[in-house]
Amino acid sequence: MNFLVASIESLGAKVTGWFTVGYDIFAFLFRSLLLSLDRATWNRATYDVVIKQVYFTAVQILPVFLGYALVISWLIITIILTTARDFGLTAFASEMTIRVLVLELLPFLTALFIALRSGSAINTEVALMKVNNELDALAHCKVPPMQFEFLPRLIGGVISVITLAGLAGLLALLLSYLSIYGLSMAGFDAFTQILAKVFNFKILFGLITKCALFGLAVTLIPITAGLETPKKLFMVPVSVLRGMMRVFFAIVAIEVVSLALKYI
Amino acid sequence: MKTLHFKVGLFAATTLLFGAIFVLYILYARGFFEDTYRLQLAASTADGVAPGVPLVFSGIEIGRVSTLGLNDNGGIVIHAELLARNAKWLKENSTFTLDKPIVGGAKIRIDSPDLKAPALPENSTMLLLTSDVTKEIPILVERVKAILANVEHLTRKDGEVNGTLANLETMTGRMTGEYGMLEGILGSPEKARGVTDSLDKTRALITKLDSLALKMDGMAAKADTWLFAPDGVALQTRDALAQVKLMLADAQSSLKKADALMTNAVAISADVKEGTQDFAALRTEIDDAVRKANALVNEINKKWPFARDPEVKLP
Amino acid sequence: MAAVAALPDDVARVALDLPLRANLTALDNIALIPLYQRHFNAAESTQQAQAMLDQLGHTGIAPLRDPDMTPAQRFVTQLARALILGRSRLVIDRPGAMLYDVPYPDFIRQLAEQTQSTGTWEIYDFSWNQLLYSQAPDQE
C-alpha cells in the first residue's frame, strides 16, 4: 500500500515538475515578447547584441553548415531519384525531393545543428551566470538581463534558423534541379510548375513559422533550463543535460505537429 | 566589431535578396503576375475528379481543377484554372480525357492533335471523356477473346480469310503486296483485332467493287446495245461514265466512314499502357491498307473509262 | 554579515558575491548601467564608463575581461560599477576577500581620495582586521 502511494506521489511530483517547467518556459516567452514590444528595448545597444548573436549563431558557421547541407541534400536527392527511376515514378521525384528536403529535413537538421552548437552554449552560459551570482549582481545594479542577454539570443536564434534553413533549402532546390535536368534551362518550366504546386502560400507561411518556432525552441528552452539551475557548480552539466533533452523533445514535437497539420 | 558588422550585414543582405528572389519566383510560378484562364468541363460523372486534380499536357502539368459542381440540369460542371501562359496549348479541337492510372493520382489529359488550330476561347465548355483503365480492362479482355475466336474461325482451313484473300488476289495484282502484309499481321494474336477490322473493310471494299463490277458488266452490256442504238452513242456513254464515277465516290466515302470508325476504336483502346504501342503500330498498318485500297479505287476511277481492266472483274 | 545582504536597494555594494559579467570587458561591465538603466546611447555610456575608470586611475584595464584581471583590477572595476550607480551610500563588503594581493585599507583609501564622490563609503570587515585600519580612524 505504501509502495502504491509512493509511486503515485512520485508520478504527481513528475507531472507537477513538467507543468512548472512548461509554465516557466511560456512565462519567460511571454515576458520577452512583452519586452520586445517595448519601444525602449530597441536602442542601438540591443541591435548591437542581436547582431553579435546572429554573427555567432549563423554567420560564423555558414561555410560548414552549407557544406553539410550540400552533402546531405546531394545524397538524399540521389537516393530519391534512383529509387524513383527503379520504380518508374520519376514524375514524382522532384516533388518528393522538395517536400522531403526543403520542407522537412533541412529545417529540422538546421534546428538540431543550432541546438547542438548554440543551444548547449547558451544553456551552459546561463547556468554559469546563475551559479556565479552574475545574475544577482546584475539585479543589484538594476540592469535587467533580459534585454541584453536573453532577448537578443532569442531573436538571434529565430533569425539564424530561418535564414540558415532558407539558404539550405535554396541550395537543395538548385541541386535537385541540376540533378534532374543538368546544366540547361530545358526543365525550367516543368520545375517551376512543380514548385508552384508545392509552395502555396500556406506552405510557405507554415515553413517560416516552423523555422521561427525551431529558433525559439533552441534558445528559449536552454535559457530557462539555465535559469533554473541551483547555485551549485556541479549542477551545471545536469542543467545542460536537461535543457538539451527538452530542446530535442520540443524540436520533434514541432516537427510532428507541422507534419500533422500539413498532411492530416 | 566593424568586420563583424560587415559580415552580418552581408549575410543578412544576401539572405534577404535570395529570399525576395525566391518569393518573387514563387509568385511568378503561381501566376500572380498573370491572368488566370478559366475553363469548364462537362462530365457525366464527377467520379475521381476533385479540386486539385491536375490538367496535364504532354506529361506536364499546366493547370488544375478549382471547383466542381452540378448545373441546373443535374450535369457535372468542372471548373479548371490555367495560367495564361499555358492556355496556348488549348485548341478548339483539343480533347480532355480523365485518366485514372493504376499507379498515381487521377489527372485530366489534354490532347491537342493540331497545334495550328484556333485557340480555345476562355470560359468555353468542353466535354470530359473518361478512360478509366480499371473499368476498361475486362471489356478489352472480352473483346480480345472474341477477336481471337473470330480469327480462329476465319483462319481455319478454307475459311473466310483464305477465300477473301484469294478473292483479293484475283481481284487485282496490285493487292498482292497487302497479301504479304496481312499474312504478317496474322502472326501475332494482339494484332488480330486490327486484322478483322481491315478484313471487314476489305470485305466491304470487295462488296462495293463487286457490285460495281456487276453494274459495270451490266452497263457494258448496255453500252454494247447503246453502241448499236440509233441515238448518239457518245452522250449516253458519257452519262454512264458519270454514274460510274459517282459510284466509285460512294465506295470511297464508305471507306472513309470505316476509317472513322477505326479511329474511334483505336482512341478508346489507346489507354491501356501495355497495349498502346501495339495498337499504334496496328493502326498505322490498317491505315496503310485503307490508303492502298483508296489508291486502287482512285486508279480504277482514273483508268476505267479508257481501258477496261479485265482483272477488276470479280468471280 | 547577513546585515550586509539585507541592506536596502539604495545602497551600492561592492562584494565578492556580486561578480562582474564574465564575458564582457571591464568597460562594458561599467557601461551597462548608463546604457540599460538610464537609456544613454552606447557611445555615451562607454564614455561615462571610461571617465569613471580614468578617475580611479586605472585607464588601462578597460579592455580586460574578468579572468584576465588581477584582484585589484577586478576590485576597481566592481567599485567603478558601484560608483556609476550614483547611489548615496557605498558599502564595501569584506574587502579582504577581494583584495588579497594588496594592503587593502590603504588601497581603498587611495581610491576614495581620487574620486569626487559625494556619498559615504562604508567598509564592513571582520573585527580581527580592525587593526589594519588603525591609520584611518575616520572610516569604520
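**View 1. Confidence along chain C of the predicted model.** Within chain C, helix H4 (residues 71-84) has the highest confidence, with a mean pLDDT of 88; helix H1 (residues 2-5) has the lowest, at 56. Helices (H or I, at least four residues) and strands (E, at least two) are DSSP runs numbered from the N terminus. Two residues are in contact if their C-beta atoms, placed from the backbone, lie within 7 Å. Chain C averages a pLDDT of 80, and 88% of its residues score at least 70. Where pLDDT is low, the predicted coordinates should not be read in detail.

**View 2. The fold of chain A.** Chain A has 9 helices and 0 strands. Of its 264 residues, 41% are buried (20 or more other C-beta atoms within 10 Å of the residue's own, C-beta atoms being placed from the backbone). Take the chain A contacts between residues at least 6 apart in sequence: 87% join residues at least 24 apart.

**View 3. Where chain A meets chain B.** Chain A brings 19 residues to the contact, and chain B brings 14. On the chain A side, helix H2 (44-59), helix H6 (145-181) and helix H7 (188-198) each supply at least two residues. The predictor gives the complex an ipTM of 0.81 and a pTM of 0.68.

**Notes.** Residues are numbered from 1 along each chain as its sequence is written, and chains are lettered from A in the order in which they are written. In this predicted model, local features need pLDDT of at least 70 and side-chain atom pairs count only at pLDDT 80 or more, while totals for chains, interfaces and linings use all residues.

How values were computed:
pLDDT is the predictor's confidence in each residue, from 0 to 100. A residue is buried if 20 or more other C-beta atoms lie within 10 Å of its own, exposed if 12 or fewer, and partly exposed in between; C-beta atoms are placed from the backbone.
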